[in-house]
Amino acid sequence: MSAAVAPEPAAAPILAVDRLVVRYGARTAVDEVSLQLRRGEIFGLLGPNGAGKTSMLSAIEGLVTPSGGVVLVDGIDVRRDPLPAKARLGVQLQASSFQPELTIEQIVRLYAGLYGVAITGQGIAERIRGVGLGAELGKRFKSLSGGQQQRLSLLIAVIHQPVLLLLDEPTSGLDPQSRRQLWDRIESLRTGGGSILLTTHSMEEAQAVCDRVAIIDHGKLITVDTPAGLVAAHRHDPRVLKIARGDVTLEDVFIGLTGSEIRD
């Protein structure tokens, strides 16, 4: 009789957030939120304006000090060991701004140096061509379109090959063509072994690129599941049916769970 083979342990999550609390004075922006991001996963963080999404990202990045809880990036505590934790992160903000008078090539060379990435001129050109900006190599940043600026920003965010990429509204303000190109780029990053956490107001985007999504509101985690799983779980919820016009969509679920009032 052959000996039983012990199952392999599950891979540790690339991001573990445990009972995270972020406060600004008397206001609680993130209220004991816990979630985990799997390796190689694209995870969407959904919520109305003011729900706590950006505060969560800021705590994960180490830009704000949490009032409570723990954030682990690749097993490293962001508060206790900020430098090695941040070295594993790439960040693209909703509105990224680089030195306007520098060319694309100069910007890539500058940030490669800041991250300690050894790269040749040919290597820089190849990376720029890889994001569809080869023809713009000598253009100044201020001359780029919004879509081109976003592609450059994403290139800079991953130039040091981070294990976790944080994207804050990455396709905000882009036209449909630029948005689809960025989706393809995000998927290629995951295919290359990276994990991605993104915030978005676009339910179409969440369904198109995210493996799982979390909905938060008023700083609290409401639910986590695949986009299809959320629709299946809430298709008979009276709050959702009140919103739906025809087949229930992820947007119907989102509005049903967070309310229809406009947030500033």
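Tutor: Two strands pair if DSSP finds at least two bridges between them. Keep that in mind for this predicted model.

Student: Which residue in β9 is the bridge partner of Leu46?
Tutor: β3 covers residues 42-46. β3 and β9 pair in the parallel sense, over four bridges. In β9, the partner of Leu46 is Ile215.

Student: In which sense do β9 and β10 pair, parallel or antiparallel?
Tutor: β9 and β10 form a hairpin, with two residues between them. Val213 stands opposite Asp225 in β10. Five bridges join β9 and β10, and the sense is antiparallel.

Student: Which residue in the turn of that hairpin has a positive phi?
Tutor: The turn lies between β9 and β10. The phi there is about 50°, and the residue is His218.

Student: How many residues of β9 are buried?
Tutor: Buried means under 20% relative accessible area. Arg212, Ala214 and Ile216 point one way and are buried. Val213, Ile215 and Asp217 point the other way and are buried too. The count for β9 is six of six.

Student: Why is helix α10 largely enclosed by the rest of the structure?
Tutor: The cover over its buried residues includes β3, α7, β9, β10, α8 and α9. Among the buried residues are Leu250, Val253, Phe254 and Leu257. α10 counts as largely enclosed because its buried residues number seven of nine.

Notes:
Residues are numbered from 1 along each chain as its sequence is written. This is a predicted model: local features need pLDDT of at least 70, side-chain atom pairs count only at pLDDT 80 or more; totals for chains, interfaces and linings use all residues. Side-chain values use heavy atoms; hydrogens and water are left out. Buried means under 20% relative accessible area, exposed over 50%, partly exposed in between (1.4 Å probe, protein chains only). Contact means heavy atoms within 4.5 Å.
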